[in-house]
Amino acid sequence: MQDFIRDMPKAELHVHLEGTLEPEHIFALAERNQIEMEYKTPEEVIAAYNFHDLPSFLAIYYAAMGVLQTEEDFFELTYHYFLRAHEDNIVYVEPFFDPQGHTSRGVSFATVINGIHRAQVAAREKLGIESNLIMCFLRDASAESAMQHLHMSLAYRDWIIGVGLDSDEKDNPPSKFREVFALARQEGYKLTMHCDVNQVDIVDHIWQCLDDIEVDRIDHGINSLEDEKLCQEIASRGLGLTVCPVSNRFVVQSLTSQEIKAMLARRMKVSIHSDDPGYFRAYLTDNYLALIEEAEFSRAEIMQLNRHAFETSWAEDEQKQRYLEQLQQYSS
Ligand code: HPA
Ligand code: ZN
């Protein structure tokens, strides 16, 4: 089963590029960019990764991304991630990036996206990994700031497939960004939003994603199981839910294996992803392996989870079909 999972061609739809920063890389960049670090060794950094909720994780995540300064830094970050993804037999990625985490520090939108895009082109040419970039807005920043960044992104419209919403969910409901996402939709972007596990008013937030925003996908969304009607609506719209087991464990002390099974039983298109693998110390294969350690999953169920990732991806139809055939061949 472990070999089967490792060698299976996979799709990653929920990975924050800034969340792939490895401790050693944080140190190398800090030295190169002459940034003073609070910690003295990569081991000290890892020891500080004792997250217990979303805000405690985000505090370290935003502090560490300060080492990213130049276009080359963003290229390296992204290309390192693709090299690691290649080891996991990931063939398709829709990575997130957080431009406001950089422009707020004086790093230009162009610097960030030029570096990321160059790495995407290199990964396609050298590793055969296809990818489509998703720009996330920080929900604890203002709707005006999100709107400004949406306008900035339009100069790079062809390099971005969709927009998402991440960061601290408390008191930052989807409806705060109704106009931003309506305009993004008009511009042809696909829409997704984080509905993080066990947040205040989370079931209401998921309903807002469906009714007010009309999202094309949901990131996490585990708490939809608290409302049977909501589950039915998600299933009937065929919406993907990108669940990240190891990331969830930091918040709910469980890999949410039973919730994942409950979603499969309701024909919800749940799939498995890694979120912030540099911080949670688990890439995509590791997430699947952790999951099958917590609960029994058949090969057919693992295949189904991975198939959902390709099906609910925003790859072109023909490309999607090719991946699904590749997967079919792999299992037969
Ligand atoms: N949730 C919200 N915001 C984030 C996350 C997450 O899991 N990772 C990076 N930003
Ligand atoms: Zn996430």
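Predicted model: local features only at pLDDT ≥ 70, side-chain atom pairs only at ≥ 80, totals over all residues.
Student: How many cavities of 30 Å³ or more does a search of the whole structure find?

Tutor: The search finds one. The volume of the largest cavity is about 210 Å³. Its lining has 23 residues, and Leu 54, Phe 57, Asp 196, Asp 275 and Asp 276 are the closest to its centre.

Student: How do the residues of that cavity lining divide into nonpolar, polar and charged?

Tutor: There are 10 nonpolar, seven polar and six charged residues in the lining of the largest cavity.

Student: Now the open spaces. What volume has the largest pocket?

Tutor: A cavity is a space from which the probe cannot get out, whereas a pocket is open. Here the largest pocket holds about 230 Å³ of space. It is lined by 14 residues, and Met 37, Glu 38, Tyr 39, Ala 63 and Ala 64 lie nearest its centre.

Student: Which helix gives the largest share of the pocket lining?

Tutor: Helix 4 (residues 54-64), with three residues. By residue class, the pocket lining has 11 nonpolar, one polar and two charged.

Student: Let me step back to the whole chain. How many helices and strands does it have?

Tutor: The protein chain has 17 helices and nine strands. The C-alpha atoms fill a box of roughly 50 × 45 × 40 Å along the principal axes.

Student: What percentage of the residues is buried?

Tutor: Buried residues make up 58% of the 332. Of the contacts between residues at least 6 apart in sequence, 78% join residues at least 24 apart.

Student: Which residues have the most contacts inside the largest nonpolar core?

Tutor: Phe 181 and Tyr 279, in a core of 112 residues. Helix 7 (residues 109-127) gives the most to this core, with eight residues. Another core, of five residues, lies apart from it; Ile 134, Cys 136, Ile 161 and Trp 314 are among them.

Student: What is Tyr 279 in contact with, beyond its neighbours within four places in sequence?

Tutor: Its contacts include Glu 18, Gly 19, Leu 21 and Ile 26. Tyr 49, Phe 51, Phe 57, Ile 60, Tyr 61 and Ala 64 are also in contact with Tyr 279.

Student: How do I read a helix by its buried residues?

Tutor: Start with the geometry. An α-helix has 3.6 residues a turn, so residues three or four places apart point the same way. Now take helix 2 (residues 23-32). Its buried residues are Pro 23, His 25, Ile 26, Phe 27, Leu 29 and Ala 30. They pack against helix 3 (42-47), helix 4, helix 5 (71-87) and helix 14 (277-280). Just after helix 2, Gln 34 has a positive phi of about 55 degrees.

Student: Is Asn 306 buried or exposed?

Tutor: Apply the cut-off: buried means under 20% relative accessible area. Asn 306 has 0%, so Asn 306 is buried. This residue lies in helix 16 (residues 299-311). Leaving out residues up to four places away in sequence, Asn 306 touches Met 8, Pro 9, Lys 10, Ala 11, Tyr 288 and Leu 327.

Technical notes. Residues numbered from 1 in each chain as written. Chains lettered and ligands numbered in written order. Heavy atoms only, no water. Core = buried A, V, L, I, M, F, W, Y, C linked by side-chain atoms within 4.5 Å. Buried < 20%, exposed > 50% of the residue type's maximum accessible area, 1.4 Å probe, protein only. Helix = DSSP H or I, 4+ residues; strand = E, 2+ residues; numbered from the N terminus. Contact = heavy atoms within 4.5 Å. 1 Å grid on protein atoms, 1.4 Å probe; cavity = no way out; pocket = protein on both sides within 12 Å on 5 of 7 lines; lining within 4 Å. Points joined across faces, edges and corners; volume = space filled by probe spheres on them. Nonpolar A, V, L, I, M, F, W, Y, C, P; charged D, E, K, R; others polar.
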